[in-house]
Amino acid sequence: MAERGLSLRGLAKAAHYDASLLSKVLNGHKPYTPYLAASLDRALGAGGRIENAARQQPPQRPRPGRVPRRPSRAVEALQAVMADDAVELDIASDGLTELVSHYATVLSVAPSAAVYDDLLGVRSFAGSLLGRGHAPPGQRPDLIVAAGWLSSLLSVSAADIGDHAAALVWCADTERRGRDAGFPELLGWAALTRALIAYYQGQPRQSAAVARRGQETAPLGTVARAKLAAQEMRSLAMLGDAAGMAEARRRAVVAVGKIAPGVATTGVYSIPRADDPPYTATSLLLVKRYQDAVETTRRLIETGYGPQSRTAGDQPTNYARTLLILALAEAGLGRLDEASAAGSTALACGRLVWPTMVLAGRLDRSLARSYPQAAGTAGYHARYVDAADRMAQPARRPRPPEEPA
């Protein structure tokens, strides 16, 4: 880098790699991969020196002892502003509400173990307020609701990391808080997380059933209700139930139309402003209406994400999944170059999450099945393996249960 006069960001851009991840690799905090070594070698014109160096086994670093974790700065701030104040629970409620809004935005862009740990600290603090006599049962529904939202965010974060056991525990707590506070919207969001986990695990029948039950609890006019109907739609599409898919789509359109105009369009609890309900493109893809899926996805990318206005690393994590739906639809139309390009762009988005890697794996298998000898297939597979390494997930090609051919 010094010889070529390149900065870290300059090298990351030249190698089509996320700058923050590259920094961790170069500092020894993340493992490197053969694909990254080859990319850096080409970007720096190193003539194979970097690739050769990468083949050498690095020495094992001793693991440091576990350091006791101090409270997050957010919790320390709450404790400080509550100290010796007669209305400390009101202050706590306001502060927790602000943190829910903050983390809902952060999680849509950068879900990670670090965010999970911070969220866990805040949720533990909220639990301590409810559990040590500060808030008598039934007298502070605002704190119960805040704890429920934090548990909901933890379920989303755990699911994105791929820790489904933890995600389901947090779903159960979200439902409990929603019932205790008489706040049914929380039950809807917990049902959506459960339905999404089942869907990406290749269990569309279970996902559709959970989404349908969730619509019975989530109030009409909430984003949760609209997304549950949309999730049922794409689960039925995966099952090949065209009539059920059309009926669920009708309910999703009605639910979207009941949402107030001021609802957020970014963040975990948002819904994009689009002509079609969420997951419409995925549903069209699953019933093999590939051209309709391409057109719907491109329209969503332009109106919902504005890719020209910000870098891929600044996009919400849904952006990468939308690109992969586009790639799968292009592959269905026999357009290998467009499919591999869209898929590679998705994997270059930086902060990838478990559902994204599930879709990326489906594209990898689709290309390998239809174009086994093509250079575009090999190039995409190398990027997929590298992305799986970054997430410490195995890159496999076998088909999950009930995945459509």
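Biologist: Which residues does Gln231 touch, not counting residues up to four places away in sequence?

Modeller: Gln231 touches Leu192, Ala195, Leu196, Tyr199, Ser207, Ala211 and Tyr279, where contact means heavy atoms within 4.5 Å. Keep in mind that this is a predicted model, with local features needing pLDDT of at least 70, side-chain atom pairs counting only at pLDDT 80 or more, and totals for chains, interfaces and linings using all residues. Residues are numbered from 1 along each chain as its sequence is written, and side-chain values use heavy atoms, leaving out hydrogens and water.

Biologist: Why is Gln231 called buried?

Modeller: Buried means under 20% relative accessible area (exposed is over 50%, partly exposed in between, with a 1.4 Å probe and protein chains only). Gln231 has 0% relative accessibility, so it counts as buried. Its place is in helix H12, residues 223-238; helices are DSSP runs (H or I, at least four residues), numbered from the N terminus.

Biologist: What makes H15 and H16 roughly antiparallel?

Modeller: Helix H15 (residues 290-305) and helix H16 (residues 317-332) pack at about 155°. Angles run from 0 to 180 degrees between N-to-C directions, and those over 145 count as roughly antiparallel. Therefore H15 and H16 are roughly antiparallel to each other. Their contact has eleven nonpolar, four polar and two charged residues, with Tyr290 of H15 and Asn318 of H16 among them.

Biologist: How close is H17 to its expected span?

Modeller: The expected span is 1.5 Å times one less than the number of residues. H17 (residues 336-347) has twelve residues and reaches 16 Å from first C-alpha to last, close to the 16 Å expected. Its buried residues include Leu336 and Leu347.

Notes: Helix = DSSP H or I, 4+ residues; strand = E, 2+ residues; numbered from the N terminus. Parallel < 35°, antiparallel > 145°, perpendicular 65-115°, else oblique. Nonpolar A, V, L, I, M, F, W, Y, C, P; charged D, E, K, R; others polar.
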